[in-house]
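Colleague: Before we discuss details, could you put the model up and walk me through it question by question?

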Amino acid sequence: RIAGGRATVTLLGWLEGQSIMVTAPQNDAGRLVLQEGEQVLLRAFTGKSAFAFCATVLKAAHQPFYYLHLSFPDKVEGVEIRSSPRCRLRLPAAITAAGRAASQGNILNIGTTGALIETAEPLDRDQGLIQIACSFELHGVPVSLELRAQVCGEKIDRTADGSPRRQYGVEFKHLQPNDRLILGSLVWYQMYEHPRSVS
């Protein structure tokens, strides 16, 4: 809604120049009821790009299920958000930096070119490459990765007890062909099984 309130919809289809069909908007409180003529702002993500456009509710249909016809946009704003899609997850990892003993952390999102990691120990972007080791199952097959990466950015968050949790954006370096294949398979598996995890 232009006036406020955020909800999630699924794109059902469109007829160019006529209308866009979406499912009933849902938020934490349940289904959001929109009236014909109401203005909405839609944002969509394809994994690599983000889009935004304004539309008007043309019709709210109730059969065979509740869905909306929205006006077809005159203009769509788009921007590339990263060079490869990322999937959100929480994957335990051992992180080694500058020859120190490995510390425990988590991979919060991952793609074929980089990741967002969380650690209790601070990392220095000038200390050279770090190593990220993790294990998981992919299509029922145990997989282990040892990836080298460069720290590109930092954000400090706080846990419920107030202790700092540091998040770092990292870019993978010197990926082996098999590692790239595994990362690509992991991302596409997550996109298929958990489409809402893609960012």
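Modeller: Burial first: a residue is called buried under 20% relative accessible area, exposed over 50% and partly exposed in between, using a 1.4 Å probe and protein chains only. This is a predicted model, in which local features need pLDDT of at least 70 and side-chain atom pairs count only at pLDDT 80 or more, while totals for chains, interfaces and linings use all residues. Residues are numbered from 1 along each chain as its sequence is written, and side-chain values use heavy atoms, with hydrogens and water left out.

Colleague: What percentage of the residues count as buried, and how many helices and strands are there?

Modeller: Helices (H or I, at least four residues) and strands (E, at least two) are DSSP runs numbered from the N terminus, and the protein has one helix and 14 strands.

Colleague: Is Tyr67 buried or exposed, and which residue forms an aromatic pair with Tyr67?

Modeller: The relative accessible area of Tyr67 is 13%, so Tyr67 is buried. Rings of Phe, Tyr and Trp (its six-membered ring) pair if their centres lie within 6.5 Å, with planes under 30 degrees apart called stacked, over 60 edge-to-face and the rest tilted. By this rule there is one aromatic pair, and this pair is tilted, with 5.2 Å centre to centre and 50° between the planes, the partner of Tyr67 being Phe65.

Colleague: How many salt bridges does the structure hold, and which residue does Lys173 pair with?

Modeller: The structure holds two salt bridges. In the one formed by Lys173, the closest N and O atoms are 3.7 Å apart, and Lys173 is partly exposed with a relative accessible area of 28%. The partner, partly exposed at 36%, is Glu171.

Colleague: Which backbone oxygen does the side chain of Thr119 reach?

Modeller: Thr119 belongs to strand E11 (residues 114–119) and is buried at 0% relative accessibility. Counting contact as heavy atoms within 4.5 Å, Thr119 touches Ile95, Arg165, Arg166 and Tyr168, residues up to four places away in sequence being left aside. Its side chain reaches, at 2.6 Å, the backbone oxygen of Glu121.

Colleague: Where is the cis peptide bond, and what is its omega?

Modeller: The bond joins Gln63 and Pro64, and Pro64 is found in the loop between strand E6 (49–61) and strand E7 (67–71). Its omega is about -5°.

Colleague: What is the phi of His174?

Modeller: His174 is found in the loop between strand E14 (164–173) and helix H1 (177–193), and counts as exposed at 54% relative accessibility. Its phi is positive in a residue other than glycine, near 55°.

Technical notes:
A polar contact is a pair of N or O atoms within 3.5 Å; within protein, one must be able to donate a hydrogen and the other to accept it, and residues adjacent in sequence count only if both atoms are side-chain atoms. A salt bridge is a side-chain nitrogen of Lys or Arg within 4 Å of a carboxyl oxygen of Asp or Glu.
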